[in-house]
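The following questions and answers concern the structure shown below. Each answer is intended to be checked against the sequence and the coordinates.

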Amino acid sequence: MDWLNELNPAQREAVTCPDGPVLVIAGAGTGKTKTLASRVAWLIEQGTPADRILLLTFTRRAAAEMLGRAARFAGAQANKVWGGTFHATANRLLRLYGRAVGLSATFTVMDQADSEDLMNLIRGELGLAKAKKRFPRKGTLSAIYSRMVNSRMKLKAVLQAAFPWCEDDIDGIRAIFEAYVRRKREQNVLDYDDLLLHWQALMDAPEVGDKVAGRFDHVLVDEYQDTNVVQAEILVAMRRRNGNIMVVGDDAQSIYSFRSATVRNMLDFPRQFPKARTITLEENYRSVQPILDASNAVMEQAGERYTKNLFTRRQGGEKPALVTCLDETEQCNAVCDRILARREEGVPLMRQAVLFRAGHHSAQLEVELTRRNIPFVKYGGLKFVEAAHVKDLIAILRILENPADQMSWYRVLLLMPGVGPAAARKLMAGLGIGGDGGGAGNPLRALQDAPPKPPPAAEKAFQVFRSAMRNCTTGKVPPAAQVERIRRFYEPIFERVYENPKVRLRDLDQLELIASNYRSRSKFITDLTLDPPRSTGDLAGKPLLDDDYLILSTIHSAKGCEWDAVYIIHAADGMIPSDMATGSAEEIDEERRLLYVAMTRAKDSLGIFFPLRYYHRGRGLSDAHSYAQVSRFLADVQARLFARSTAGAQQDEEHPAEDAGQGGSRTVDDKLRDLWSG
DNA sequence: AATATCCGTATTTTT
DNA sequence: TACGGATATT
């Protein structure tokens, strides 16, 4: 096992430590992936059967990467390890054992948007949308619900703490949640939160709980700082037979509190698993010292101080650049110029990444990259499966899978010409879907044998729909063929409903292509909701992937990744930290960690950019703009730890970046100030 | 009852 | 800017 020799002492201790609970505190770039992968390999070499190891990661990609590495050390059997996200693992276990908690094995999973739609439907039905005073929107309702579930707080407390403006509506909200849960059960549908809750319930089920816990000899958890209370409880239940659990995390990189993740899980780990051993990895192998210095300096100002300062043996390297740009256009130019310059120096585009706070922050840059013929792949932001036309098609597949799925029926029926909410409801009643009393018969059978009468305008579409559904259910039809048959019904409709059908048509081709990799429809649609393709690259065919391309990513999606050169754009106050998240000290600290995560992705070179001038939704001619200041997290450290420069015209010297208010804690009012126009 | 049009407003991050 | 909601039209 010579691969053990490639580990430093702390890493080796983690990899080879004996049975029992272990907490590994692993700072950014300290070889966490390597350590976890080696641990898996070690366990296998020590005789643990691979399928008795459970590796919980934040994304499927992370699991795949670790198991790939482990396979290099321990051989192909590493691929038998149970690896994946909490949600995907829950799904897998519930398909096997769900009956013990009242689930039929054919349940379908709905994503965030679906659950918002269901909330909205109920909201309308209860007449809350029409009330005189405004009532929380579907997104808010879903956020409240999810927060309540994942933090295990009472509705009242959640409203008080995070949604004070909704407190008056507590009765209505309660009514909606009540109906929401009932509907999901009736329809045999689970939302993301349900996956966790049912896993947890499974662990309490007599006998089955023991069986599930006993199925694994070792549990390993990555990104532990971004797990929530429910997940922590699941882990405790999973380890009731033995305490073999290793969790790895970094409290300085906790950036998912909006999903109810809490660093408390890390802090409380020793209490939940008594006699836990703690190992800290502090040597950074990723970044050159000046980048670490700047990153550490950003973290040092945190309200709550964390445990470690990273160090590296990587000598040399240049100070990170802080580039003040005249406006967003100049920012795009400056970033593109540097990217191309790096590439000339021999750093391929694939080893360079542009990071930003919010998905839309890269919009203008994408245009410029396209103009300059720089290929790129974007992670995070709007996903393929969120596009309306893709959802339509998936909804039809869902109906085939789970005919009780009312939301999917509703969505599909609304597509037909002449069918609105009222007609859709009537048709569903005719098919015996939803309502109270659940689905008595099989709506798919009813659709063929005793179809209800649609409005005249919808008759043709309805006929085509019926035959499409029939074609998908008679005999064994592979998923890709089902997609193809559904398209015959869907495409004519689609061309009527959507503006630019040509572009969208390609997405349907993609969907069919993805489907061709599956033999089971159930697995196909579940994967689409639990592990959706997260980048344009996941979808692009092989030819494009052979090429060199630049990475664009939200900071959240960049977690766990590293690149030779990293460019952070829109590092202005109001973007990082986001204006949406400056309410409390905790929120601001999380934004700070976000910047820290972004900075520590860089190995050799780091550039931070911010535009001085933001134009207000200029109608092209109008020149209304306001001035921004550099992120408050950088205001105090920029002079010392960054190499500063400007891009764009020089006329703005009178607004130098160091106006940014000492202490870096000025309010929003200070940030964007209209000076003049024209 | 469905669809077209207009207006105001919220506006992130993801399983 | 895009989306949701309300109002006007078919």
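Q: How many of the residues of strand E1 (residues 22-26) are buried?
A: In this predicted model, Val22, Val24 and Ala26 point one way from E1, and Leu23 and Ile25 point the other way. Residues on either side are buried. Strand E1 is thus mostly covered, and the number of its buried residues is five of five.

Q: Which residue of strand E8 (residues 277-281) is the bridge partner of Ile25?
A: E1 and E8 run parallel and are joined by five bridges. Ile25 points the same way from E1 as Leu23. In E8, the bridge partner of Ile25 is Thr280.

Q: Which residue of strand E7 (residues 245-249) is the bridge partner of Val22?
A: E1 is also joined to E7, by four bridges, and these two strands run parallel. Val22 is one of the buried residues of E1. Its bridge partner in E7 is Met246.

Q: Which residues touch the most other members of the largest nonpolar core?
A: In soluble globular proteins, nonpolar side chains tend to be buried together. The largest nonpolar core here has 116 residues. Those that touch the most other members are Val24, Val40, Leu55 and Ala78.

Q: Which residues does Val40 touch, not counting those up to four places away in sequence?
A: Val40 belongs to the largest nonpolar core and is among the members with the most contacts there. With residues up to four places away in sequence left out, Val40 touches Ile53, Leu55, Met66, Ala70, Ala78, Val81 and Leu220.

Q: How many residues does the second, separate core have?
A: This core includes Leu292, Cys332, Leu550 and Leu552.

Q: Which residue of strand E14 (residues 550-554) is the bridge partner of Leu355?
A: E12 pairs with E15 in the parallel sense over four bridges, and Gln352 stands opposite Ala565 in E15. Four bridges also join E12 to E14, and these strands run parallel. In E14, the bridge partner of Leu355 is Ser553.

Q: What span should helix H26 (residues 585-599) have?
A: H26 has 15 residues, counted at 1.5 Å a residue. The distance between its end C-alpha atoms agrees with the expected span, which is 21 Å.

Q: Which helices and strands do the buried residues of H26 pack against?
A: The buried residues of H26 include Glu590, Arg593, Leu595 and Met599. They pack against helix H13 (289-300), strand E12 (352-356), strand E15 (563-568), strand E16 (602-615) and helix H27 (632-635).

Q: Is Tyr379 buried or exposed, and why?
A: Tyr379 lies in strand E13 (residues 376-379). A residue with 20 or more other C-beta atoms within 10 Å is buried. Since Tyr379 has 22 C-beta neighbours inside 10 Å, Tyr379 counts as buried.

Q: Which helix contributes the largest share of the surface near DNA strand B?
A: By class, this surface has eleven nonpolar, 13 polar and one charged residues. Of the 25 residues around DNA strand B, Gly359, Gly380, Gly420, Ala422 and Ala423 come nearest. The largest share, three residues, comes from helix H18 (residues 421-431).

Conventions. Residues are numbered from 1 along each chain as its sequence is written. Chains are lettered from A and ligands numbered from 1 in the order in which they are written. This is a predicted model: local features need pLDDT of at least 70, side-chain atom pairs count only at pLDDT 80 or more; totals for chains, interfaces and linings use all residues. A nonpolar core is a set of buried Ala, Val, Leu, Ile, Met, Phe, Trp, Tyr and Cys residues joined through C-beta atoms within 7 Å. A residue is buried if 20 or more other C-beta atoms lie within 10 Å of its own, exposed if 12 or fewer, and partly exposed in between; C-beta atoms are placed from the backbone. Two residues are in contact if their C-beta atoms, placed from the backbone, lie within 7 Å. A residue is near a molecule or strand if its C-beta atom, placed from the backbone, lies within 6 Å of it. Ala, Val, Leu, Ile, Met, Phe, Trp, Tyr, Cys and Pro count as nonpolar, Asp, Glu, Lys and Arg as charged, and the others, Gly among them, as polar. Two strands pair if DSSP finds at least two bridges between them. The expected span of a helix is 1.5 Å times one less than its number of residues.
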